[in-house]
Amino acid sequence: RGGETRVGVERMFGLMDRFLKSDPSSLQKDILDHVEYTVARSRFSFDDFEAYQALAHSVRDRLIERWHDTQLHFKKKDPKRIYFLSMEFLMGRSLSNSVINLGIRDQYADALKELGFEFEVLAEQEGDAALGNGGLARLSACQMDSLATMDYPAWGCIAMIFALLISNLLRLCEWDSSTDTCYGLRYQYGLFRQVILDGYQHEQPDYWLNFGNPWEIERVHVTYPVKFYGTVEDENFNGGKRKVWLPGETHKSLVPFWQVEAVAYDNPIPGHGTRNTITLRLWAAKPSDQIDMESYNTGDYINAVVNRQRAETISSVLYPDDRSYQGKELRLKQQYFFVSASLQDIIRRFKDSHSNFDDFPAKVALQLNDTHPSLAIAEVMRVLVDEEHLDWNRAWDIVCKIFSFTSHTVLPEALEKVPVDLLESLLPRHLQIIYDINFDYIEELKKRIGLDYDRLSRMSIVEDGAIKSIRMANLAIVCSHTVNGVSRVHSELLKTRVFKDFYELWPHKFDYKTNGVTQRRWIVVSNPSLSALISKWLGTEAWIRDMDLLAGLQDQAANADLHEEWRMVRKVNKMRLAEYIEAMSGIKVSVSAMFDVQIKRMHEYKRQLLNILGIIHRYDCIKNMEKSDRTKVVPRVCIIGGKAAPGYELAKKIIKLCNAVAEKINNDPDVGDLLKLVFIPDYNVSVAELVIPGADLSQHISTAGHEASGTGSMKFLMNGCLLLATEDGSTVEIIEEIGKDNMEEEWIRSASSNCFTAAAGKFVDSRMFLFGAKMHEVPALREKGPTLKVPLQFARVVRMVRDGYFGFQDYFESLCDKVEGGNDFYLLGHDFQSYLEAQAAADKAFVDQEKWTRMSILSTAGSGRFSSDRTIEEYAEKTWGIEPCRCPF
Ligand code: Z2T
């Protein structure tokens, strides 16, 4: 890269007034300029997609200005930064979110109107950025929004790293990588699209970059080499020996891309009500500049070039399994690729302004989003010891101060284990480092707990067994100063079950930060009419940055005027959803029916099957009822949406069953509007934005003790949807929030008739419909196996499926086997009775629209604690030790 040209200071001030204006006519000019110069279309003729592109580019220009200012400010202040490392990130669409956070949505809407376009219509042109699987990935996105809004010097990395540190003031005007950043991977293929053919689910690739991505900035000069394979040799050093990793050596001929280049793509993330705009830096793999002369010299030029291109496969596709770890080489490569590039970036920046690594922990915090990026631990050790020549103990001391780890699961099958063979061939030096860490740690452990070999082997980072492997969670726990859970009960389970041995050893390390979601996306962007209504009744928009203010709605929960407006907003949202359903599936639904929604990844523990069996029961009841009684049925539209991991046969069968049942019910004239079942084929973030505001009731019905947190429930709650739920993960805390305080006597009494835990036969004052076995009851119930009592209705509906009532008899057999005869691990049979009772309670409540509306308002009013702003503040203060650093306006 040649020398940089700097603009003289006087000239620079002369140019200063070029900051972009955001009145409608300036916006119009900018949009049309982009139509002509960026999109290269005539300003007199362009279609909606081209208009969207031009619009997005004009927004991007404004983002970049704020981004520069933020970078400069952070450089000047040099605060401690948090680098958030995440392999996944579910951003969804960016346009509406950006203009709302920039505070110029209305100006844009006006500007477009005069040009003959509608803002919403153009916003629909944008595709979803789906670089993640589910809750974990969307959580990262929500947390970035909060980090930006609350002025934290952070970088999310989706493989996110936030960060910072800067180089020199002379480069003041150069926007360069030296500012804050979150890191992630720029997968070329996001999460697969799901299509349904004849009721069966299929995956299709999501080539999301096909139509360009205006939200990213390719930084061709920010690249780092990433190396794999090779051997570790001893080298003489200062009279002693030390280890050197010679990547590629043994494999050069076998593996033409033992070295690849990581190229940075920066995505500015604007905060709301602040100029702060932080960075999500995603890495893409490119062939290395280091030309492998050997293969070129063999004369096969074409093949040599084609082979080089294979380097790009590293960042090409997101692994679509949301919680099973397969031990695939490509996945391990992705993890190291991400970790290596991010750490080179962080360390280079640190060294630009600091000469001593002892300052590192004061300037840098690294957050491991689950174990996926935990190779970072070994990589930091390797860089500090092998490359920076710190001695082992000093490096270890630094490592122990910078890492924190958040676990997102309790499922044992989701705990990553990397086969030693794989690690040895791909990253031989890292394997040695992990062994060395383990050796020291086990020696220390023996001093603490004695020679309890069972316990020592459980706690070891290395698992001996048929396949020797590295337990990534153990590595992360041993090397992090804090291990966070994502809800209170999840943390209890980590402490008492999953990581019990570790908790007993280091109780101080364990903590939790209950998840939250951002109200900017989940109310302001996705439900503008509710947003306006809330602001009107609270007399302020301040709740958009301070969710606790929503509690102010409690006083108005019985106000008849508010009720009327509230119902109107909800109805309009339902109409929008009904239109979508009809356009997507051809099914016409009535907006006066109760919209009952379950949207989340398909998983046995999430029990979509329980929902479907409940729907079959409802259908069966309607069929068997006297015609005259049908008028008493509360009409329902049941909506189920979610993706099944490609290798997850049972999840695929559940989707098929849902479609088969839908086919039958939706075409049965006996049923009509009393019951409809809709399956949403390609559920994603933008679909969620549409569905959540239109839901009356949402289901969060995992077997108690399995959902680490659950964040969907929080989005529904904020939007005034009532929950039908088990006491699991975050719902336990939701119950506490919306069930307590400000409850008038009269209301408690009237509420008690529709919110009850039927299984226990006793009423509770909750504002949710709760059911099911409690977490502590689950193990004993499982013990009972085939002797566990199961209600007759359950046997009946399963029999209907078995007997081929919905067709595909053979195909569904294994599904039925999974829930009967002692195989019912997730306790569908046991919970069925109380599930139906909770459903009946919901029906009863829905008929009393006054009561329902009040419960709805109180749900929104009680949702303040579930803002990711609260989560992030807790992380900042308690785990990362960082402070806000606000860019002056
Ligand atoms: C995921 O989305 C979650 C946990 C995982 O464990 C993996 C994935 Cl892809 C490895 C979810 C949890 O299931 C959910 O309860 C939680 O709310 C969410 O992470 C965010 O913490």
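Q: Why is the contact between D386 and R429 called a salt bridge?

A: In this predicted model, the closest N and O atoms of D386 and R429 are 2.7 Å apart; the definition asks for a side-chain nitrogen of Lys or Arg within 4 Å of a carboxyl oxygen of Asp or Glu, so the pair qualifies as a salt bridge.

Q: What makes this pair a tie between parts that are 43 residues apart in sequence?

A: D386 belongs to helix α12 (residues 375-387), while R429 belongs to helix α15 (residues 428-449), so the pair ties together those parts; both D386 and R429 are buried.

Q: How do you know that D596 and R636 meet in a salt bridge, and which strands hold them?

A: Their N to O distance is 2.5 Å, which is within the 4 Å cut-off, and the pair links strand β20 (residues 594-599), where D596 lies, with strand β21 (residues 636-641), where R636 lies, 40 residues apart.

Q: Why is D596 called buried, and why does R636 count as buried?

A: Buried means under 20% relative accessible area; D596 has 1% and R636 has 1% relative accessibility, so each of these values falls under the cut-off.

Q: What makes D843 a salt-bridge partner of R636, and why is D843 called buried?

A: The closest N and O atoms of D843 and R636 are 3.1 Å apart, which is within 4 Å, and the pair ties helix α32 (residues 828-847) to strand β21, parts that are 207 residues apart in sequence. D843 has a relative accessible area of 13%, which is under 20%, so the term buried applies.

How values were computed:
Residues are numbered from 1 along each chain as its sequence is written. This is a predicted model: local features need pLDDT of at least 70, side-chain atom pairs count only at pLDDT 80 or more; totals for chains, interfaces and linings use all residues. Side-chain values use heavy atoms; hydrogens and water are left out. Helices (H or I, at least four residues) and strands (E, at least two) are DSSP runs, numbered from the N terminus. Buried means under 20% relative accessible area, exposed over 50%, partly exposed in between (1.4 Å probe, protein chains only).
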